[in-house]
Amino acid sequence: MSVAQIIDGAADILILCDHASSAVPSGIDLGIDPDLLTRHIAVDIGAAAVSKAMAAQLEATAILATVSRLVIDLNREPDRLGLIPHSSDGHAIPGNDDADRGERIARFHAPYHRLIAETIRAKPPKLIVSVHSFTPRLEQHDGADRPWEIGILYNRDARAARIGIALLEAAGIVTGDNEPYSGRILNATMNRHAEGNGIPYLGIEIRNDLISDASGVAHWAQLLASIANDVRNRLAQTGSPAT
């Protein structure tokens, strides 16, 4: 099984989708109700479709992971506890209790990140766009629904994030600045491949009820492709250094 689907493009933007798939590869039994594989704990709902549509509109290269985050979370550092989840949003994942951590890293995590690194070396992008989605309300959360339509996540390098947030707010989009969670905590892929290479990036989180059907995907992919293109162009004009 390939660790990722690659869409080749000529543009100088690279799109990454870490949680594009709900697939559980052969030889792995998570011990869960199959219905859980349709939920946000297993896959970023709508993110793969948005990534593909953005890649088509921007003529950009895209790399979409092909394994469920319940098997291994590709947006985690290899030494993090949540890399192979034993529970997610209140649901036990008993098949992971005795998982061979090293085997899963070698089988999925390492080759996925090696592929990204090789792609960047072969054709360094001017902007990396990371596409994720989030659920409007966690099952194990008693607070209010998450109000944001889009969240922009970032860690130390906020060059693209600052521009992207301003553009989204100007378009009337309810935008989270490092919400619904902080990129200073959940940013492993961008820390490694964007910040680690000095490449500006947009860490995009889309509320998944907005992209759960074809019309929603088309609307948000078009808007976000335009935002990404504008961010890339503005960065090129300013030559803004990393901050």
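This is a predicted model: local features need pLDDT of at least 70, side-chain atom pairs count only at pLDDT 80 or more; totals for chains, interfaces and linings use all residues.
Local features are taken where pLDDT is at least 70 and side-chain atom pairs where it is 80 or more, whereas totals for chains, interfaces and linings use all residues. Residues are numbered from 1 along each chain as its sequence is written, and side-chain values use heavy atoms, with hydrogens and water left out.

Let's begin with the core. In soluble globular proteins, nonpolar side chains tend to be buried together. A nonpolar core here is a set of buried Ala, Val, Leu, Ile, Met, Phe, Trp, Tyr and Cys residues joined through side-chain atoms within 4.5 Å; buried means under 20% relative accessible area, exposed means over 50%, and partly exposed is in between (1.4 Å probe, protein chains only). The largest nonpolar core has 75 residues, and those touching the most other members are Ile-15, Met-54, Ile-72, Ile-128, Val-129, Ile-150 and Val-231. Helix H5 (residues 214-238) gives the most to this core, with 10 residues. Helices (H or I, at least four residues) and strands (E, at least two) are DSSP runs, numbered from the N terminus. Contact means heavy atoms within 4.5 Å. Leaving out residues up to four places away in sequence, Met-54 touches Ile-15, Val-129, Val-131, Ala-221, Leu-224, Ala-225 and Ala-228.

H5 deserves a look of its own. Its expected span, 1.5 Å times one less than its number of residues, comes to 36 Å for 25 residues, and this agrees with the 36 Å between its end C-alpha atoms. Among the buried residues of H5 are Trp-220, Ala-221, Leu-224, Ala-228 and Arg-232. The cover over the buried residues of H5 includes strand S2 (13-17), helix H1 (47-58), strand S6 (127-134) and helix H3 (159-170). Just past the end of H5, Gly-239 has a positive phi of about 60 degrees.

How do H3 and H5 pack? Their angle is about 130 degrees and their axes are 10 Å apart. (Axes are lines fitted to C-alpha atoms, for helices over the stretch in contact, and angles run from 0 to 180 degrees between N-to-C directions.) That makes H3 oblique to H5: angles under 35 degrees count as roughly parallel, over 145 as roughly antiparallel, 65 to 115 as roughly perpendicular, and the rest as oblique. The residues that meet include Ile-163 and Leu-167 in H3, and Ile-227 and Val-231 in H5.

Over in helix H4 (residues 188-193) sits His-193. His-193 is buried, at a relative accessible area of 3%. Beyond its neighbours within four places in sequence, His-193 is in contact with His-113, Ile-116, Ala-117, Ile-120, Ile-128 and Ile-199.

Now for the loops. Gly-31, between S2 and H1, is partly exposed at 46% relative accessible area. The C-alpha atoms of Gly-31 and Ile-93 are 62 residues apart along the chain and separated by 6.4 Å.

Most residues other than glycine have a negative phi, and most peptide bonds are trans. Glu-59, though not a glycine, has a positive phi of about 55 degrees, and is exposed with a relative accessible area of 55%. Asn-178 also has a positive phi, near 55 degrees, but counts as buried at 10% relative accessibility. Asn-178 lies in the loop between S8 and H4. Pro-180 lies in the loop between strand S8 (175-177) and H4, and a cis peptide bond, with omega about 10 degrees, joins Glu-179 to Pro-180.
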